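Student: I'd like a close look at the aromatic side chains here. Could you walk me through them in one go?

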Amino acid sequence: MRREPRQSDSDIVPGKSPNKPGMQTGAEGMEGRSLTKGKAVQSPMPRTQSRMTGMSVTLERLRLAVRRDQREKLTSLYHHVYKVDHLREAYFRLKREAAPGVDGETWQHYGQHLEKHLQDLSERLQRSAYRATPVRRTYIEKADGRQRPLGIPALEDKIVQGVTAQILSVIWEEEFLGFSYGFRPGRNPHNALDALTVGIERKCVRWVLDADLRAFFDTISHVWLVKFIQHRIGDRRVVHLIQKWLKAGVLEEGRWTPSEEGTPQGGLISPVLANIYLHYTFDGWAHQWRRRKAHGDVILVRYADDFVAGFQHRTDAEQFQRELTARLHQFNLELHADKTRLIEFGRYAASNRTERGEGKPEIFHFLGFTHICGTTRKGRFTVLRQTMRRRMQAKLQAIKLELKQRMHDPIPEVGKWLRSVVIGHFRYYGVPRNRPALNVFRYQLVKLWKHVLERRSQTGQIEWERMNRLARKWLPASHIYHPDPGQRLVVTT
């Protein structure tokens, strides 16, 4: 693997320091940063390479090469993209029932002559005859009733993007900072939630900046993104491949629209590109700001384009928000005015607001949970996390529509489906001290099921005694799946 000297970081993130042991701040410890070079916990290499797939071996070698020297560009990567073995593994990682792109190709149909198709795709990639297909635009409803645009790539684009995304992820995983949790191996939303809770409870946090980027995926600058990628990758063919996907455009209702900026949500490459973009535009800058300009404790937690910052001093919070606004403007980004708020929050918020004759401390939302200043039974301050009411209502509305479609299905079939829905909800929202919200969700779901069963006939009426028997048989009781944030954070770090 050939490498060439890497350009300086100063033109992108001034003064960015490498991730080395001993340089992690106390706040990053609260954010779940690993003790080994500040990275997420990586699974150890198997004892024999025979247990590893071809792509796993490639990624492990690439990871070791990146760790040996983080100052050099990687100039020989493209041959990993068009290997048939790698393409085959990427094909089998795809969701088999996913919606097709503009080419109409499904996973099952493509697999009927898989080796022939993969060989042809590999050859087209080798001779630069591969062409990116426009993504098919579709929409999903958000919790607030608005429509979120999604782009569905063609099947072959998904395969190639899957290989490329793994390569990029391995390269930048060595640089990503500890408070970044979205779309990274070994990390999930609950890691971010735990880091935020522990940071607020254990650090001197009095003010919280709850921020959101306006239309982030639609406003990513292609020019800046390519510069960031070239900062680490010197293989022009890989860069050119990424540019093909960025410029492929969108096909909606038979009309093609070129892409001048942004990366469509739904593509396998988009989450990695988004993390790279935010690593240079926000993460590195915020980390340096915390070290150089803050006068008190500062905690940072980011998941995709949603992030929360906690401050000890209000002056720090206001200065951070002003300078962040200017920083983001340089890279074609802006804070969402309606979703970005600076609020008083923390162990002293309730007493301070009582002294001023104000009401209860304000709340903020993050990753589907409403965060509230509360106390334990012993009177100790804690962050209460409850299911967002808007999210719960949207989920129940979706269940109501689906139940109407299943109105005349046998009760056992509907019961099994509802059980899977309830378990999935509990597995995400089953955090400590959120059991009341779980019980409300289950009760409202039972009411919807009862109403649908009664509509199966004009004279149908189901007594609550029978309905409760059905609920006990098919629907599990509320269950807390996740441990206390402090306990899990200690284990992971």
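Student: To start, which residue lies over the face of Tyr-181, and at what distance from the ring centre?

Tutor: Arg-187 lies over the face of Tyr-181, at 4.7 Å from the ring centre. A charge counts as sitting over a ring if NZ of Lys or CZ of Arg is within 6 Å of the ring centre and within 35 degrees of the ring normal. Before going on, some ground rules: this is a predicted model, where local features need pLDDT of at least 70 and side-chain atom pairs count only at pLDDT 80 or more, while totals for chains, interfaces and linings use all residues. Residues are numbered from 1 along each chain as its sequence is written, and side-chain values use heavy atoms, with hydrogens and water left out.

Trp-224 also has a charge over its ring: the charged end of Lys-227 sits 4.7 Å from the ring centre. Trp-224 belongs to one aromatic cluster together with Phe-216, Phe-217, Phe-228, Tyr-277, Tyr-280 and Phe-331.

In total, the structure holds 23 aromatic pairs. Rings of Phe, Tyr and Trp (its six-membered ring) pair if their centres lie within 6.5 Å; planes under 30 degrees apart are stacked, over 60 edge-to-face, and the rest tilted. Take Trp-289 and Phe-311: they pair edge-to-face, 6.5 Å centre to centre with 90° between the planes. Trp-289 lies in helix α12 (residues 270-292) and Phe-311 in strand β9 (residues 306-311), so this pair ties together parts 22 residues apart in sequence. Helices (H or I, at least four residues) and strands (E, at least two) are DSSP runs, numbered from the N terminus. Both Trp-289 and Phe-311 are buried, where buried means under 20% relative accessible area, exposed over 50%, and partly exposed in between (1.4 Å probe, protein chains only).

Now for a stacked pair: Tyr-443 and Trp-464 are 6.1 Å apart centre to centre, with 15° between the planes. This pair links distant parts of the chain, with Tyr-443 in helix α17 (residues 435-454) and Trp-464 in helix α18 (residues 464-474), 21 residues apart. Tyr-443 counts as partly exposed because its relative accessibility is 45%, and Trp-464 is partly exposed at 34%.

Helix α18 also meets helix α16 (residues 411-429): Ile-411, Pro-412, Gly-415, Lys-416 and Arg-419 in α16 meet Arg-466, Leu-470, Lys-473 and Trp-474 in α18, contact meaning heavy atoms within 4.5 Å.
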